[in-house]
Amino acid sequence: MSMRQGPLHAIFGGGKVADILLWKDKTSAATILAVFTIIWLQLEVLEYQFLTVFCDILMLAMLAIFVWHKGAQLANLSPSLVSYVRSPPNSSNFQLSESTCRCFFQQINFFLFKFFEISAGKDLKLLVLAMVCLWMFSALGDCVSSVSLLYTSTLLLGTLPALYERYGFPSQVDTFAAKCIQEVKKLFQMFESKVLNKIPGMGKERVN
């Protein structure tokens, strides 16, 4: 069965985030990747401190907005230049919409709810699995820089969905993904039978 259960745009929520991840909004997607690339270069390659990078980005943004606005004002004085200068942003472009904020906090509340559900031990197998995964990520953090890991994740998230939707690769990608899922299931079943089921209270059926 194909891994695609529907258009990727709908799977990603069908909103602004989906437009960015699938590069339907090319300007926003390119800007986000460019900003993350600059941050990664300054923190990892040039070894700047985070506060320095943050202030540099703010200064560049302020300078760009200032030049853009002044350029637009000068262009208005010369009708022949108006068509060459794009209208500068206004204050409303720098405000998050109410729906975006609501969606963001809904995701945070959902994460906190699931975190509590797992931590409460209602499903002991899931609790152990979550802790094993967190331990693996913790070990990975000792081998790879957190900034590089975050940048790599952002780069993959910002490119792979768009490439998958554009070029498809249905048979290769779906088959490979299905095999990976089957292997993960086999590993978990082996871990469950050899470890979890031998621990008192974990060999029972899931408690709702």
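The briefing below takes these topics in turn.

This is a predicted model, in which local features need pLDDT of at least 70 and side-chain atom pairs count only at pLDDT 80 or more, while totals for chains, interfaces and linings use all residues. Residues are numbered from 1 along each chain as its sequence is written, and side-chain values use heavy atoms, with hydrogens and water left out.

**Aromatic pairs**

- A search of the whole structure finds three aromatic pairs, where rings of Phe, Tyr and Trp (its six-membered ring) pair if their centres lie within 6.5 Å, and where planes under 30 degrees apart count as stacked, over 60 as edge-to-face and the rest as tilted.
- Phenylalanine 50 and phenylalanine 54 form a stacked pair, because their ring centres are 6.2 Å apart and their planes stand at 20°.
- Both of these residues, phenylalanine 50 and phenylalanine 54, belong to helix α4 (residues 50–77), where they are four residues apart, about one turn of the helix; helices are DSSP runs (H or I, at least four residues), numbered from the N terminus.
- Phenylalanine 50 is exposed at a relative accessible area of 57%, whereas phenylalanine 54, at 43%, is partly exposed (buried means under 20% relative accessible area, exposed over 50%, and partly exposed in between, with a 1.4 Å probe and protein chains only).
- The rings of phenylalanine 111 and phenylalanine 115 are also stacked, with centres 6.3 Å apart and planes at 25°.
- Phenylalanine 111 and phenylalanine 115 lie four residues apart in helix α6 (residues 98–119), a separation of about one helical turn, and both are exposed.

**The second largest pocket**

- About 880 Å³ of space lies in the second largest pocket, a pocket being an open set of points on a 1 Å grid over the protein atoms alone, where a 1.4 Å probe fits, with protein on both sides within 12 Å along at least five of seven lines; the volume is the space filled by probe spheres set on the points, which are joined across faces, edges and corners.
- Its lining consists of 24 residues, and those nearest the centre of the pocket are Thr31, Val35, Ile57, Leu58 and Ala61; lining residues have an atom within 4 Å of a point.
- Two or more lining residues come from each of α3 (26–45), α4 and α8 (146–167), and α4 gives the most, with 10 residues.

**Aspartate 25**

- Aspartate 25 sits in the loop between α2 (16–21) and α3, and at 18% relative accessibility it counts as buried.
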